[in-house]
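I opened my notebook beside the model. My plan is to look up a few residues and a few pairings, one entry at a time.

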2 protein chains.
Amino acid sequence: MVARLLDAEWPRLRRLAARLRRRPPRLVVFVARGTSDNAATLGKYLVESLTGLPASLAAPSVVTLYGARPRLRDALVLAVSQSGRSTDVVEFVEEARRQGGLTVGITNDARSPLARTAHETLLCRAGPERSVAATKTYVAEVALLTLLVGAWARAREVEQGAGALPDALAATLKMEDEIAARAERYRYMQGCLVTSRGYNYATAKEAALKLKETCYLPAEALSSADLLHGPIAIVERDFPVMVIAPSGVPLAHLRQITARLAARGAETMVISDDAEILARAKVALPLVAPVPEVWSPAVAIVPAQLLSLHLAVARGFDPDRPRGLRKVTFTR
Amino acid sequence: MVARLLDAEWPRLRRLAARLRRRPPRLVVFVARGTSDNAATLGKYLVESLTGLPASLAAPSVVTLYGARPRLRDALVLAVSQSGRSTDVVEFVEEARRQGGLTVGITNDARSPLARTAHETLLCRAGPERSVAATKTYVAEVALLTLLVGAWARAREVEQGAGALPDALAATLKMEDEIAARAERYRYMQGCLVTSRGYNYATAKEAALKLKETCYLPAEALSSADLLHGPIAIVERDFPVMVIAPSGVPLAHLRQITARLAARGAETMVISDDAEILARAKVALPLVAPVPEVWSPAVAIVPAQLLSLHLAVARGFDPDRPRGLRKVTFTR
């Protein structure tokens, strides 16, 4: 899927990136819900760190409930929706267009209302998402956002790392049997925290959402900085904490956090390619095919997706059809 | 405390508001951690809905870890920190000043690094926060942000409602015995969700943080829109969900959510002044002194703070000294 997406969307992405360099917006506003909002969280970090522009995650209810009209004339609005049919996301894009902002939709459905509304559309090309819990479209949204911001900022590690992504994902998916064997350990877990920092804070949010959707577990994502500002109080002996720690700038900080969690007797599950932090984990989920940090969110989510899948099965649930959820959620 | 704050900070607030009207920034960037970040979440909603400017919650790690320099020249940076000593918050303000942005600090300590660094300082005037879990300074931060944005946008309901706030808070605090009697019901609760929408999404975040800090409970805040995009899957029979639903724009939506949660057999705890939604709750926590919606976050947090306090006591914990936390958290 990622190989196809790199091939098919690259020309459009480069044209859009060139246009953004010629006429840069003053800020970037992301609008999304659910899984796509987690991809947007990464987008915000990428925009701020690579382009130097401020970026914001819109609260769509400001527009749809309170009827406010935040000034979006100078903004690039990036709307992310797998189905392209989230009502409040589409309404926000309509409002941005009315004001003269540039709008870009990222969606898996070329004929969706979002694709029809936005100035430009980038397609996930993931085929139908049959499962309610979105997985492949999350990876596709992350890949598209990374490519777009990377091309816009001419970030060398983005263009250089993209080619290796399909193989890295294939190698990571081969870990499935090993991860499935680990899942049973958590059959009776009653909840957990997921933590990371920087680019992979988005990965932590998405891992927590998958555990909630498919395993019905209270699983909360916290940046490791916020974790220290209060919530670490809930971590007692055997409390499960997943740490997403691919090599990169936050690794040193995450090594310290993992040591501190271990000192509290926590059950640490660590997703990383770094031998030192993996050695400190109660359960190590190794990333076997390291990629540059900027690409790590596209790969590091995969072990968490596989763990959610097999833990759901171990708990006797159907991970493809969570109770009480439909594929498309209409919120205003 | 709120009466003192209204008196003492009003002249400075009005001058600052007038200055913001004369030379409006292009966007507003909030920077904060922990409890103060929840006050900042309200700030973002208020700025977008009352002033029409886009507002963003900064990810300080973009600056402090990745060394990025997001363009803040045209921005108003609002930094919120009870202690005024969060390292990454102060560093972000320094960077904004270097770029020529206008910086405002909201803090409880007039001699803190934040107060020395920001162009303007608004003081909580709450006296020392002796408890690790911040409560009165949260209310003070919320009051200052509401006053500032309200004065800036000349929002009549802000100025008209402010005078009633001290009495509304006093009346709400008198509910303590009734709430204490309710707390025992949750002695053996293993986790919960807290939900709301619009302005009181911030209240939901802060209520969840208090439950985590003082009761060591996994408690996650979700906007009721996001709740429908997946996480509602975890809500099974008897699962506790706190709904923050003061009168206002999101009330109709929150009534529907509460009905849907009830249909799943959830244990709903509802904080509201609305008789209809309270009648549908398993446990009703009435707001006895209704205030205009824009002021409701300052009041609706109080029953949740009282519940956290008494639930901590019922569970045998000292709510003032949570294990593993210190008053000031230094993160970079």
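I call a residue buried under 20% relative accessible area, exposed over 50%, and partly exposed in between, with a 1.4 Å probe and protein chains only. With that set, I looked up T258(A): it is buried, at a relative accessible area of 0%.

Ground rules next. This is a predicted model, where local features need pLDDT of at least 70, side-chain atom pairs count only at pLDDT 80 or more, and totals for chains, interfaces and linings use all residues. Residues are numbered from 1 along each chain as its sequence is written, chains are lettered from A and ligands numbered from 1 in the order written, and side-chain values use heavy atoms, without hydrogens and water.

**Entry: T258(A)**

I placed T258(A) in helix 12 (residues 251–263) of chain A. Helices (H or I, at least four residues) and strands (E, at least two) are DSSP runs, numbered from the N terminus. I then listed contacts, meaning heavy atoms within 4.5 Å. Not counting residues up to four places away in sequence, T258(A) touches V243(A), T268(A), V270(A), I277(A) and R280(A). I also checked P60(A), 198 residues from T258(A) along the chain: the C-alpha atoms are separated by 35 Å.

**Entry: L72(A)**

Is L72(A) buried or exposed? I find L72(A) buried, at 2% relative accessibility. L72(A) lies in a loop of chain A, between helix 3 (60–64) and strand 3 (75–80). Neighbours within four places aside, L72(A) contacts V29(A), V77(A), F92(A), A96(A), Q99(A) and G101(A). G100(A) is 28 residues from L72(A) along the chain, and their C-alpha atoms are 7.4 Å apart.

**Entry: positive phi in chain A**

Most residues other than glycine have a negative phi. I noted R154(A), a residue other than glycine, with a positive phi near 50°. R154(A) sits in the loop between helix 6 (136–152) and helix 7 (156–162) of chain A. At 60% relative accessibility, R154(A) counts as exposed.

I noted Y216(A) too, with a positive phi near 55°. Y216(A) is in the loop between helix 10 and strand 7 (219–223) of chain A. Y216(A) is buried, with a relative accessible area of 9%.

**Entry: helix 2 against helix 10, chain A**

Two packed helices are described by the angle between their axes and the distance between the axes. I take axes as lines fitted to C-alpha atoms, for helices over the stretch in contact, with angles running from 0 to 180 degrees between N-to-C directions. Helix 2 (residues 34–51) and helix 10 (residues 201–215) of chain A have axes that come within 8 Å and cross at roughly 170°. The two helices are therefore roughly antiparallel to each other. Angles under 35 degrees count as roughly parallel, over 145 as roughly antiparallel, 65 to 115 as roughly perpendicular and the rest as oblique.

Which residues of helix 2 of chain A meet helix 10 of chain A? I listed G34(A), T35(A), D37(A), N38(A), T41(A), L42(A) and Y45(A). On the helix 10 side I have Y201(A), A202(A), K205(A), E206(A), L209(A) and K210(A). The residues of this contact divide into five nonpolar, four polar and four charged. Here Ala, Val, Leu, Ile, Met, Phe, Trp, Tyr, Cys and Pro count as nonpolar, Asp, Glu, Lys and Arg as charged, and the others, Gly among them, as polar.

**Entry: rings**

How many aromatic pairs does the structure hold over all chains? I have six. Rings of Phe, Tyr and Trp (its six-membered ring) pair if their centres lie within 6.5 Å; planes under 30 degrees apart count as stacked, over 60 as edge-to-face and the rest as tilted. I looked up Y45(B) and Y201(B): their ring centres are 6.4 Å apart and their planes at 55°, so the pair is tilted. The pair links distant parts of the chain, 156 residues apart: Y45(B) is in helix 2 (residues 34–51) of chain B and Y201(B) in helix 10 (residues 201–215) of chain B. Y45(B) is buried at 8% relative accessible area, and Y201(B) is buried at 19%.

**Entry: S308(B) and D226(B)**

S308(B) lies in helix 14 (residues 296–314) of chain B and is buried at 2% relative accessible area. D226(B) is in helix 11 (residues 224–228) of chain B and is buried at 19%. Leaving aside neighbours within four places in sequence, D226(B) contacts R33(A), G34(A) and P231(B).
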